[in-house]
Amino acid sequence: MVTTEETVEEKEDKKQEKEDKKQEKEDKKPPVFKNPEFQHTAFRSSKKRGWRNLKQIISLERTYSWPDDCVHYSSIDAPPAFTPGKKYSDISGLPANYTDPLTKLRFSDASEFYRVRDLPMDIVNGLLELRKASSIVG
């Protein structure tokens with residue numbers, strides 16, 4: 001004799017088995033967002049695309065019609081600095097607080113001052129040319 005409890009349990013077991021089989025089938029399917037026919041645009045063309053340089057990018061940005069309230073940087077020129085440039089010694093490369101009035105070479109301490117004064121004029125001119133300063137001879 002079959003009781004109702006047994007039949008209810010059997011029905012529940014069958015339902016559970018069916019749900020498990022459905023779940024297994026769904027697990028085997030690829031996700032909905034994956035299209036098997038998808039091909040990336042970089043792989044479609046055989047032509048190699050080169051990188052643009054900065055001048056090309058800037059000239060392209062200049063051709064756009066920008067709104068008035070938009071901030072864009074179409075120039076690579078830097079604005080002038082508010083602080084003066086640092087000065088360095090022509091002999092040692094240390095920060096220089098002093099300039100020799102005779103040779104116009106920069107120096108950082110007294111020992112360098114005496115060394116600057118002992119240098120021949122052709123070396124002094126060479127150091128000034130390296131610094132791109134005007135010649136003292138004029």
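**Close-up A. Positive surface patch of the predicted model.** In this predicted model, residues K11, K14, K15, K18 and K22 form a positive surface patch. One of these residues, K11, belongs to helix 1, which spans residues 4–28. The relative accessible area of K11 is 56%, and because values over 50% count as exposed, K11 is classed as exposed.

Close-up B. Although K104 is not a glycine, its phi is positive, at about 65°. K104 is partly exposed, and its relative accessible area is 43%.

Close-up C. The buried residues in helix 5 include V124, L127 and L128. These residues lie on the same side of helix 5, because they cover an arc of only 100° around the axis. In an α-helix there are 3.6 residues a turn, so residues three or four places apart point the same way. Exposed residues D122, E129 and L130 are carried on the face of helix 5 that is turned away from its buried side.

**Close-up D. K132 in the segment after helix 5.** Helix 5 comprises residues 121–130, and K132 lies in the segment after it. K132 is not a glycine, yet its phi is positive, at about 60°. With a relative accessible area of 76%, K132 is exposed.

Methods: Residues are numbered from 1 along each chain as its sequence is written. This is a predicted model: local features need pLDDT of at least 70, side-chain atom pairs count only at pLDDT 80 or more; totals for chains, interfaces and linings use all residues. Side-chain values use heavy atoms; hydrogens and water are left out. Patches are made of residues with over 30% relative accessible area and no salt bridge: like charges are joined within 9 Å, nonpolar side chains (Val, Leu, Ile, Met, Phe, Trp, Tyr) within 5 Å. Accessible areas come from the Shrake-Rupley method with a 1.4 Å probe; for residues, only the protein chains shown count as cover. A salt bridge is a side-chain nitrogen of Lys or Arg within 4 Å of a carboxyl oxygen of Asp or Glu. Lys and Arg count as positive and Asp and Glu as negative; His and the chain ends are not counted. The place of a charge is taken as NZ of Lys, CZ of Arg, CG of Asp or CD of Glu. Helices (H or I, at least four residues) and strands (E, at least two) are DSSP runs, numbered from the N terminus. Buried means under 20% relative accessible area, exposed over 50%, partly exposed in between (1.4 Å probe, protein chains only). The arc is that of the directions from the helix axis to the C-beta atoms.
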